[in-house]
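Welcome! Take a moment to look at the model, and then let us walk through some of its parts together.

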Amino acid sequence: MPPPPSSLPPRVLPNLVSCSRRAVTSAATAAAAAYSTAVAAGGGGGGGRPLRYAVLGAGFAGLSVAWHLLKHSPKGSRVRVDIYDESGIGGGASGVSGGLLHPFYGRVLNSGKSVWICCVARSKRMEPLGQMELAKMRPLSGEGNSLGIIRPPTSEKTADILLESSLQSCSLQVLDSDEAQCLIPGLCVPLNFAVYMPLALNINPKKYLQVALFFACQNMSDEASLSSSEQKECKLYNEHVDDLQQLAGDYDSVIICLGARASSLPELTNKLPLRTCRGVIAEFQLPSDTIETYGSQSPSILSDAWLAFQGPRTVSIGSTWQWKSENYSSSVSDDEALNAMEELLPKASAVYPGITKWKFVQARAGIRAMPPLTANGSLPLLGCLNDVIGKRSNCSFWLVGGLGARGLLFHGLAGKLTAKAVISCDENLIPPEFTCWKEP
């Protein structure tokens with residue numbers, strides 16, 4: 001049996017969970033002080049204008065930041081959050097992601113584990129990720145959502161990574177071949193064991209963004225309108241912002257959550273250590289005359305390619321990795337789709353041979369904003385940008401970027417930490433693992 005979680009010395013981000021808790025606690029006092037200062041200056045309360053925040057981007061990061069700004073603003077405050085995204089909610093890479101939330105990401109296993117524990121805890125408290133308990137989130141995948149995720153390793157290296165760290169703290173189970181194949185008939189288990197993640201999620205990303213997160217922001221605004229002591233507003237603008245300074249005079253803070261497009265802002269050109277990577281996801285369906293279907297109680301599959309099942313007859317398979325791509329279109333050409341299938345199908349059939357009976361329907365794509373590789377792994381870029389862009393007004397600028405392929409995992413924590421720091425005007429509330437990218 002693995003040792004209890006408290007006895008494990010995680011290799012990556014050992015203080016991430018405790019840091020975030022300290023940040024949340026200390027932010028309450030700092031936010032109250034910052035709010036008092038704002039009121040004294042004529043903003044946020046009384047007869048002055050409300051505190052105004054602009055959030056650029058309506059993907060995982062942007063909507064999480066917006067929700068937390070509304071949630072954690074001091075009691076009795078007047079707050080307005082304006083979200084700008086020319087493509088609408090989930091119009092970028094977030095909306096075409098696979099929708100699999102799990103703690104395993106190769107070399108950043110332990111940081112994934114730490115944030116995963118936070119994700120599950122936030123879900124149970126009805127915070128992003130998402131606005132409902134885990135069981136209530138499952139229907140967001142659509143009809144017949146699979147339960148959990150299973151990972152059968154296909155190489156000794158992957159097997160070592162999976163087994164070298166404790167699984168108990170993530171509520172994960174090691175299954176032998178027979179147990180794994182009971183969950184998924186026809187599953188191939190090359191190394192005779194698989195890791196099952198019963199709490200892992202498979203959600204429809206667009207539905208999660210539109211139905212859960214954005215609705216939660218609007219609902220919080222509506223609830224605040226019933227109070228005579230506070231006012232909260234949240235509005236979405238389908239507009240393109242090409243110059244940060246055009247917003248400076250209207251907002252107290254601007255939070256940039258544009259993913260790979262953040263580097264296209266003139267103030268941030270060549271200033272962010274982001275790497276772009278285009279990913280293609282292919283959708284398959286079982287032909288209507290096929291009697292055998294995928295089990296409605298079977299988990300999705302994570303391997304060299306992942307298979308996210310949305311019901312017994314539909315699956316998304318991903319993803320390709322095209323580094324340094326500048327193709328931001330979500331549309332996929334016939335040639336690109338063919339190349340993606342040639343890459344993905346052999347990986348998928350290695351663990352689920354039955355996928356060869358499924359027929360290709362369509363492909364979608366998005367550009368990931370990948371963070372740099374560091375001693376702590378590949379972590380999101382958070383923090384204040386005033387020194388990076390050169391502050392020329394009373395407006396402060398902040399970044400939530402580089403979530404890469406882990407937007408679903410990191411967006412809740414990244415949004416919460418950033419919102420707390422923005423409200424209190426204190427970047428020190430963000431653990432240094434996320435802000436060290438700015439160091440020379």
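## Starting in the sheet

Ala54 has Val254 in β9 as its bridge partner. These residues belong to a pairing of strand β1 (residues 51–56) with strand β9 (residues 253–256), which run in the parallel sense over 4 bridges. Two strands count as paired if DSSP finds at least two bridges between them. Helices and strands here are DSSP runs numbered from the N terminus, with at least four residues of type H or I for a helix and at least two of type E for a strand.

Before going further, please keep in mind that this is a predicted model, in which local features need pLDDT of at least 70 and side-chain atom pairs count only at pLDDT 80 or more, while totals for chains, interfaces and linings use all residues. Residues are numbered from 1 along each chain as its sequence is written, and side-chain values use heavy atoms, with hydrogens and water left out.

## The whole chain

How many helices and strands does the chain have? There are 12 helices and 17 strands. Of the 440 residues in the chain, 56% are buried; buried means under 20% relative accessible area, exposed means over 50%, and partly exposed is in between, using a 1.4 Å probe and protein chains only.

Contacts, meaning heavy atoms within 4.5 Å, also tell us something about the fold. Among the contacts in the chain with a separation of 6 or more, 79% are between residues 24 or more positions apart.

## Six strands side by side

The open sheet is formed by 6 strands with mixed pairing, in the order β8-β2-β1-β9-β17-β16. β8 (231–237) and β16 (381–384) are at the edges with a single partner strand each, so one side of each has no neighbour in the sheet. On average, neighbouring strands of this sheet are turned by 15° against each other, direction ignored.

Now follow β17 (396–401). It pairs with β9 in the parallel sense over 4 bridges, and Phe397 in β17 is the bridge partner of Val254. With β16, β17 pairs in the antiparallel sense over 4 bridges, and here Cys384 stands opposite Trp398.

Is β17 mostly covered or uncovered? It is mostly covered, as 6 of its 6 residues are buried. In a regular strand the side chains alternate between the two faces of the sheet. In β17, both faces are covered: Ser396, Trp398 and Val400 are buried on one side, and Phe397, Leu399 and Gly401 on the other.

## Helices that pack together

Two packed helices are described by the angle between their axes and the distance between the axes. Axes are lines fitted to C-alpha atoms, for helices over the stretch in contact, and angles run from 0 to 180 degrees between N-to-C directions.

Helix α2 (residues 60–72) packs against helix α11 (residues 407–424) at an angle of about 40°, with the axes 8 Å apart. The two are therefore oblique to each other; angles under 35 degrees count as roughly parallel, over 145 as roughly antiparallel, 65 to 115 as roughly perpendicular and the rest as oblique. Residues of α2 in this contact include Phe60, Ser64 and His68, and those of α11 include Leu408, Gly415 and Ile423. α11 also lies across β1, β9, β16 and β17, running at about 170° to β17.

α2 has another partner, helix α7 (residues 205–225), with an angle of about 20° and axes 10 Å apart. That makes α2 and α7 roughly parallel. Among the residues that meet are Trp67 and Leu70 in α2, and Tyr208, Phe214 and Met220 in α7.

## Backbone spots to look for

Most residues other than glycine have a negative phi, and most peptide bonds are trans. Where is the cis peptide bond? It joins Gly318 and Ser319, with omega about -10°, and Ser319 is found in the loop between β13 (314–318) and β14 (322–323).

Asn270 has a positive phi, near 65°, and lies in the loop between β9 and β10 (275–285). Asn270 is exposed, at 78% relative accessibility. Cys425 also has a positive phi, near 55°, and sits in the loop between α11 and α12 (432–435). Cys425 is exposed as well, with a relative accessible area of 60%.
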